[in-house]
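Please read these comments beside the sequence and the coordinates.

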Amino acid sequence: MEAKKSVGVARHDSRGLLRLGASPVLNWVLLSYAAVVIGIAWAYTGSRIHGDYEQTLDAERTRLLGVNAALQAGTLAMLNDGVGEAVAGANELQSGGGLILASRAEIIATLRKQLAGGSYVRSLFLTDGERFALTSREGRFGGPPMPPWLRVSGAPPSSATWVGPPIADPDRPGAFVIPIAQRVAWGKDLTLWAGALISFDGFEELYRKSSDQIASMGLIASDGTVLVRAPKAEVGDLSAGANVASNDLFRRAVAQGNEGIVEGYGTVLKKDMIYAYDLMNGYPIYIMDGQSRDAALLPWRNRRRVAVGTTAAFSALVLGMTALLNHSLRTLRRRDHHYRTLFNNAQFSVFLLEGDRFVDANLTAIRMFGLRSDRDALGLTPWDLSPEYQLDGQRSDELARTRIETALREGGTTFEWLHRRLDNGANFPAEVGLSSITDGATVLALAVVRDLTARKRAEHDLQLLSAELMRSQDEERRRIGRDLHDSTGQTLAALELGLAQLMHDTSSAAAHRRELLEHCANLATQCSTEIRTASYLLHPPLLDELGLLSALRWLADGFRQRSAIEVRLDLPQTLERLPRDDELCLFRVAQEALTNVHRHAASPWVTIRLKAQSNSVMLEIEDAGRGMLRSVDSETPESPPSLGVGLAGMRERMRQIGGTLSVESTSRGTRVRSTLFIEPPPSTGTA
């Protein structure tokens with residue numbers, strides 16, 4: 001019983017969760033859940049966007065540093081190419097006696113010989129601070145006076161390299177070159193500078209090839225002088241030769257170290273910029289490349305737009321689904337309310353079974369079976385609400401399982417069942433309708449129970465009334481038959497005797513008077529015969545005096561005389577007397593069947609057959625007539641024939657005495673069979 005209760009509690013909890021699903025609380029739970037999901041989605045999206053933002057900037061910084069390294073490698077090659085050629089020339093002159101001893105022609109020839117590098121090396125020059133010599137790729141020569149752009153005297157003693165501002169290219173009008181010189185040891189207290197005028201016009205072409213990756217690139221001297229800038233600045237903007245020592249970005253870059261990333265507002269491009277810079281090895285020159293923050297973040301903005309759109313669509317989907325679920329729950333709640341109202345207000349009991357245990361019950365079932373609440377029904381089985389055995393002697397549990405299996409297999413079944421109340425143990429009959437219903441993967445059984453107590457009581461009362469009416473009818477027939485035989489029949493017999501005496505006394509009277517008396521005597525005789533026959537038919541005295549066999553023979557003789565139909569008797573030689581009501585019932589069946597043969601069958605013969613066995617007596621009336629009409633609504637030839645009022649009454653008579661009545665009718669005849677079950681006679685054996 002504890003196991004049943006635990007199962008019941010589990011079932012109730014499961015059903016409670018289902019009912020919670022239809023409660024208003026779940027609407028708010030769904031809304032809260034949707035808000036939490038949307039909040040988490042937006043928080044996650046924001047986190048991803050921020051992380052992507054940082055990763056995009058880091059990737060851009062790394063990329064700019066990589067571009068800067070590539071630019072520095074190419075620029076160093078150019079510088080080393082030009083300045084290196086000048087240093088090589090100085091070393092050659094030093095090995096030949098020095099710049100002082102060499103003639104101007106020798107110096108220019110030596111420099112001319114060294115001017116073999118790339119075309120970007122426009123000129124080579126040497127100076128010791130007082131004398132100056134220069135040779136260009138176009139054959140120009142400079143010196144001995146010091147040009148104004150050569151300010152190596154201002155270079156710090158610790159600096160091995162000097163870089164001047166951009167100057168006009170002597171050989172190409174409108175072009176610019178950058179003077180770069182390197183200190184060369186030249187004896188005690190003497191300094192020789194070997195340098196080159198280098199053109200960086202190739203930077204513009206290099207920028208055009210890389211404009212999709214960088215917004216600007218250039219070279220800036222350590223003192224802030226702009227040496228090269230690509231793209232070239234517009235008029236009025238910062239251009240080559242300008243000084244940016246006071247620029248915030250430049251000052252921060254110098255403060256950070258020789259290389260790195262600096263970010264801020266670019267005064268040239270008028271945008272927020274990201275610059276990568278590096279101090280070139282051996283030269284007081286910063287090489288830089290930059291990209292605007294907007295351009296760097298453009299892919300990130302596209303991804304952010306997609307992420308925000310996706311999250312917005314997801315939020316709209318969650319809100320839509322939540323609204324749909326709320327609407328469905330409200331609809332479900334209304335339907336559940338209607339269902340519960342109908343379920344609990346039904347005039348019959350309703351149970352829901354999963355397997356062989358109840359998982360739900362309505363209020364009518366609670367009252368019908370004497371339960372305290374619907375929780376008491378949960379986990380119970382049908383045989384818990386039934387006596388141990390049914391009326392047919394079968395065990396309730398075994399029969400209930402069979403009925404449930406039949407309902408689940410065939411979809412439904414209806415049967416009568418004996419139930420038991422749990423409060424007082426009283427048994428009551430009921431009609432049970434079992435049907436199967438499917439809930440997803442679960443197959444349930446729905447049991448509808450109707451209490452038949454009132455109907456059975458009414459049927460019992462009706463049977464008693466019917467039996468009493470038939471008994472009263474038989475008693476009245478017996479009384480009428482006795483009165484007709486004893487009173488009216490005797491009176492007619494006396495009248496017949498009187499007329500016979502009168503005929504004897506008036507034998508000499510006129511012939512017409514005698515004929516009249518004879519006619520009256522015949523009428524009296526005929527009337528006496530008919531009254532005697534009617535009284536016997538109402539209640540044959542032979543049935544009470546000699547039994548059923550004699551009464552059937554008398555009935556057959558009278559039927560043969562009245563109808564001229566051949567009667568075939570198949571009767572046993574002897575028959576133990578039956579109870580008076582049983583013999584009378586069988587006699588009435590035979591009487592009614594013969595009447596139907598006479599009126600409707602048009603049969604040339606009829607057979608009365610009586611068979612007695614140890615536990616039953618069977619009476620058959622068979623004819624070879626045209627059969628009985630089938631019921632009007634019959635759809636198949638196998639449907640039973642319609643029974644008249646007489647045969648229906650005989651069937652009720654047989655039912656009251658515990659017998660059965662069946663009718664088999666075809667176009668070749670009809671057979672009426674009544675069977676009466678009797679107690680077998682006691683054994684006569686001796687011990």
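1. A salt bridge is counted here when a side-chain nitrogen of Lys or Arg lies within 4 Å of a carboxyl oxygen of Asp or Glu. By that rule Asp423 and Arg421 are paired, with 2.6 Å between the closest N and O atoms. Asp423 is partly exposed, at a relative accessible area of 47%, where buried stands for under 20%, exposed for over 50% and partly exposed for what lies in between (1.4 Å probe, protein chains only).

2. On provenance, this is a predicted model, in which local features need pLDDT of at least 70 and side-chain atom pairs count only at pLDDT 80 or more, whereas totals for chains, interfaces and linings use all residues. Residues are numbered from 1 along each chain as its sequence is written, and side-chain values use heavy atoms, with hydrogens and water left out.

3. The search of the whole structure gives 32 salt bridges. One of them joins Arg303 to Asp52, with the closest N and O atoms 2.7 Å apart. This pair connects distant parts of the chain, since Arg303 belongs to helix 6 (residues 293-345) and Asp52 to helix 2 (residues 24-95), 251 residues apart; helices (H or I, at least four residues) and strands (E, at least two) are DSSP runs numbered from the N terminus. The two partners can be told apart by their accessibility: Arg303 is partly exposed at 39%, while Asp52 is buried at 18%.

4. Because Arg251 and Asp248 are three residues apart in helix 5, about one helical turn separates them. Arg251 is partly exposed at 46% relative accessibility, and Asp248 is partly exposed at 41%. Elsewhere, salt bridges link Asp570, Arg609, Glu620, Glu622, Glu664, Arg671 and Arg673 in a network.

5. How many cavities of 30 Å³ or more does a search of the whole structure find? There are two, a cavity being a set of points on a 1 Å grid over the protein atoms alone where a 1.4 Å probe fits but cannot get out, with lining residues having an atom within 4 Å of a point. The largest cavity holds about 410 Å³ of space, a volume being the space filled by probe spheres set on the points, which are joined across faces, edges and corners. Its lining has 23 residues, and Ile220, Val244, Asn247, Tyr275 and Met288 are those nearest the centre. At least two lining residues come from each of strand 8 (216-221), strand 9 (226-230), helix 5 (248-256), strand 10 (259-266), strand 11 (271-279) and strand 12 (285-292). The lining of the largest cavity comprises 17 nonpolar, five polar and one charged residue, with Ala, Val, Leu, Ile, Met, Phe, Trp, Tyr, Cys and Pro counted as nonpolar, Asp, Glu, Lys and Arg as charged, and the others, Gly among them, as polar.

6. The second largest cavity contains about 180 Å³ of space. Of its 16 lining residues, Pro382, Phe415, His419, Val432 and Ala447 are the closest to the centre. Two or more lining residues are given by strand 13 (349-354), helix 9 (396-410), strand 15 (412-420), strand 16 (427-439) and strand 17 (442-451). The lining of the second largest cavity has 14 nonpolar residues, one polar and one charged.

7. Leu610, in strand 19 (residues 605-612), is buried at a relative accessible area of 3%. Leu462, in helix 10 (residues 453-505), is exposed at 54%.

8. The backbone deserves a check at a few positions. Most residues other than glycine have a negative phi, and most peptide bonds are trans. The peptide bond from Ala230 to Pro231 is cis, with omega near 5 degrees, and Pro231 lies in the loop between strand 9 and helix 5. Ala564, although not a glycine, has a positive phi of about 60 degrees; this residue sits in the loop between helix 13 (548-563) and strand 18 (566-570) and is exposed at 71%. Ala602, also not a glycine, has a positive phi of about 55 degrees; its place is the loop between helix 14 (580-601) and strand 19, and Ala602 is exposed at 61%.

Methods. 1 Å grid on protein atoms, 1.4 Å probe; cavity = no way out; pocket = protein on both sides within 12 Å on 5 of 7 lines; lining within 4 Å.
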